[in-house]
Amino acid sequence: MAKKRTEYSENLKWNVKDLYETEEAYQKDFDDLEQHLPLFAKYEGHILDNADTLYELLEFDTEFSKRLEQVYIYAHINNDSDTTNVKYQTMYGKAYQLYEKYSVATSYIVPEILKSDYQLIDSYIEKNSKLKVYERTLKEIFRKKKYILSDKEEKVLSTLATTFSTPDQVYSMLSDADMKFGTIKNHLGEKEVLDEKSYHKFIESSYRKERKMAFTKLFSTYGEFKNAYASLLASEVNNNNKIANLRGYSSALEASLYSNDIPVSIYDNLINTVKKNTAPLSKFWKLKKGALGVPSLHLYDTYAPISKEVTKKYTESEAEGLLYEALGALGSEYITDLRKAFQERWIDFCPNDGKRNGAYCTACYNVHPYVLLSFDGTLESVSTLAHELGHAMHYYYAIKNQSYQDYGYSIFVAEVASQVNQILLNKYLISKTTNLDEKKYLIDDLIKDFKATIYRQTMFADFERTIHEAADKGEVLTHEYLCNTYYELNKEYMGKNVIIDDLVKYEWERIPHFYMNFYVYQYATAYAAAIKIAMDILNHKEGAREQYLEFLGLGCTKTPVESLKVAGVDMTREETLKDAFVYFETLVNELKELYKMEVKRDE
């Protein structure tokens with residue numbers, strides 16, 4: 001039974017007083033913003049009257065946005081601390097409504113600016129040098145101009161936004177609320193409810209019968225809903241294709257990537273390179289088959305542990321000290337700044353009743369980042385802390401080095417810093433332990449992350465691209481087409497030495513990311529980038545650490561691809577991904593050697 005939040009000491013809770021000393025101070029700011037919101041209307045129709053008016057509007061919007069962010073974050077993190085608290089539920093609801101009102105009040109700004117051409121904006125910057133701080137923002141607005149439709153057409157698309165989101169909403173209702181998988185018997189003969197949460201426990205079980213039963217029951221149940229899920233995914237794909245075509249993009253893929261200024265070649269290169277490098281994974285499957293002692297390795301065996309779990313528990317203080325040591329490779333400046341996260345209480349550790357599930361990092365430009373997790377002392381929990389503090393330090397350096405309008409970094413690079421921290425932590429632990437079982441566990445954990453992120457997420461990305469292209473060419477996305485396509489991709493990506501069970505053809509039905517419009521590929525590219533950065537730092541490559549810290553402070557002042565180049569990573573080159581597979585194969589070889597040592601030890 002989880003403890004109430006009041007039972008935890010204050011030093012384990014994030015310090016919301018850095019945002020507002022009192023709730024009264026928060027309410028005063030909230031009320032003031034609400035009163036000033038109508039002032040946006042006075043600029044409508046006049047933004048481009050002259051350089052001074054444009055600057056005045058942008059300054060007003062920036063200052064308003066900074067304060068709105070602070071109000072929203074305060075309400076948001078208080079609510080997530082204890083979702084059962086009605087006062088915080090109300091506070092968050094009102095903050096969200098204020099954010100929506102702001103979006104409506106400012107919706108005219110970009111369309112009105114785009115009625116001109118950039119030459120006018122350039123001339124205004126010459127007339128009023130203060131506008132220079134908004135040059136990147138204005139250029140970004142005009143970069144997308146060629147795909148902006150007429151005011152009337154944009155209004156129609158905006159009106160239909162709720163309709164376009166229907167497949168995702170129905171998918172969530174079906175998957176999260178309506179899907180029932182019944183029960184299965186565990187290895188003790190006891191009946192347990194099978195759902196998406198318990199499935200992870202069963203598929204990672206040391207008991208093969210449990211794994212197989214869970215796999216069979218879960219995917220057989222999804223198979224019974226194949227027509228409904230096919231209809232939903234087909235609607236999502238058709239929506240993406242139609243909107244892309246209306247705007248003049250060559251494909252839905254291009255439309256999605258263009259918004260983040262990512263060339264399609266990076267997406268294609270990822271898929272092509274991963275497909276050509278399944279040999280190390282095949283080698284790992286062979287090793288795993290032997291380690292598990294099974295006659296043949298099935299997909300339901302691939303998540304089973306092949307090493308004893310690290311049972312050591314850490315206090316919050318011990319986790320803090322461990323991270324200082326493990327991340328010391330990033331230099332004394334980084335560690336000094338990281339200490340602020342603990343000393344200034346950016347982190348909420350408490351696994352209290354009513355707290356939001358999972359972990360995340362958010363940031364307030366006027367204050368600092370905030371990290372949420374439910375710390376339970378396990379190594380996995382320490383790793384989660386390292387991950388989220390990677391995000392926090394990325395935000396911290398971006399805030400420290402950039403203006404408000406330039407600090408928000410692209411989603412394309414968002415997972416790089418978090419993964420760098422996790423890799424450095426794991427590598428540090430491997431280097432320090434002399435325990436054979438612990439070493440096996442830690443290396444296997446890195447292999448698991450690589451497999452799940454590089455191979456699996458790229459397979460998802462390939463599936464997305466394939467079905468969008470097929471639909472655009474007139475293919476009807478029936479359940480049969482989707483199942484066959486997904487099954488064949490599993491055969492391509494999972495390599496040799498593993499049996500691709502027929503039921504996996506239904507797995508696409510349980511992937512919510514297929515309703516996020518070409519999102520998943522970024523997990524794979526970010527992880528490949530993180531591997532290169534972390535290994536360059538650990539191998540003491542000249543300038544690697546300094547380049548990485550510079551990257552953390554860039555915000556969005558460079559394109560995502562150019563930002564990574566600052567960190568020494570060129571995602572346009574196939575070699576970057578090839579290096580990641582060299583890293584992966586090295587891990588597999590290290591694990592293989594440990595098993596040989598274990599055999600000798602036990603003889």
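Trainee: Which residues line the largest cavity in this predicted model?
Mentor: Ile411, Glu415, Tyr519, Gln522 and Tyr523 line the largest cavity.

Trainee: What makes them lining residues?
Mentor: The cut-off is an atom within 4 Å of a cavity point. These residues, including Ile411 and Tyr523, line the cavity by that rule.

Trainee: How many cavities count, and how much space lies in the largest?
Mentor: The count is 1 cavity of 30 Å³ or more. About 40 Å³ of space lies in the largest cavity.

Trainee: Turn to helix H10, residues 196-203. Which of its residues are buried?
Mentor: Ser198, Tyr199, Phe202 and Ile203. Buried means under 20% relative accessible area, so each of these residues falls under that cut-off.

Trainee: What caps the N-terminal end of H10?
Mentor: Asp195 does. One of its side-chain oxygens lies 3.1 Å from the backbone nitrogen of Lys197. The cut-off for a polar contact is 3.5 Å, so this pair is within it.

Trainee: How do you know that strands E4 and E5 pair?
Mentor: Pairing needs at least two bridges, and 4 join E4 (residues 360-363) to E5 (residues 369-372), so they pair. They run antiparallel. Thr362 has Tyr370 as its bridge partner in E5. The two strands form a hairpin with 5 residues between them.

Trainee: What makes both faces of E4 covered?
Mentor: Tyr360 and Thr362 are buried on one side, and Cys361 and Ala363 are buried on the other.

Methods
Residues numbered from 1 in each chain as written. Predicted model: local features only at pLDDT ≥ 70, side-chain atom pairs only at ≥ 80, totals over all residues. Heavy atoms only, no water. Buried < 20%, exposed > 50% of the residue type's maximum accessible area, 1.4 Å probe, protein only. Polar contact = N/O pair within 3.5 Å; in protein donor to acceptor, adjacent residues only side chain to side chain. 1 Å grid on protein atoms, 1.4 Å probe; cavity = no way out; pocket = protein on both sides within 12 Å on 5 of 7 lines; lining within 4 Å. Points joined across faces, edges and corners; volume = space filled by probe spheres on them.
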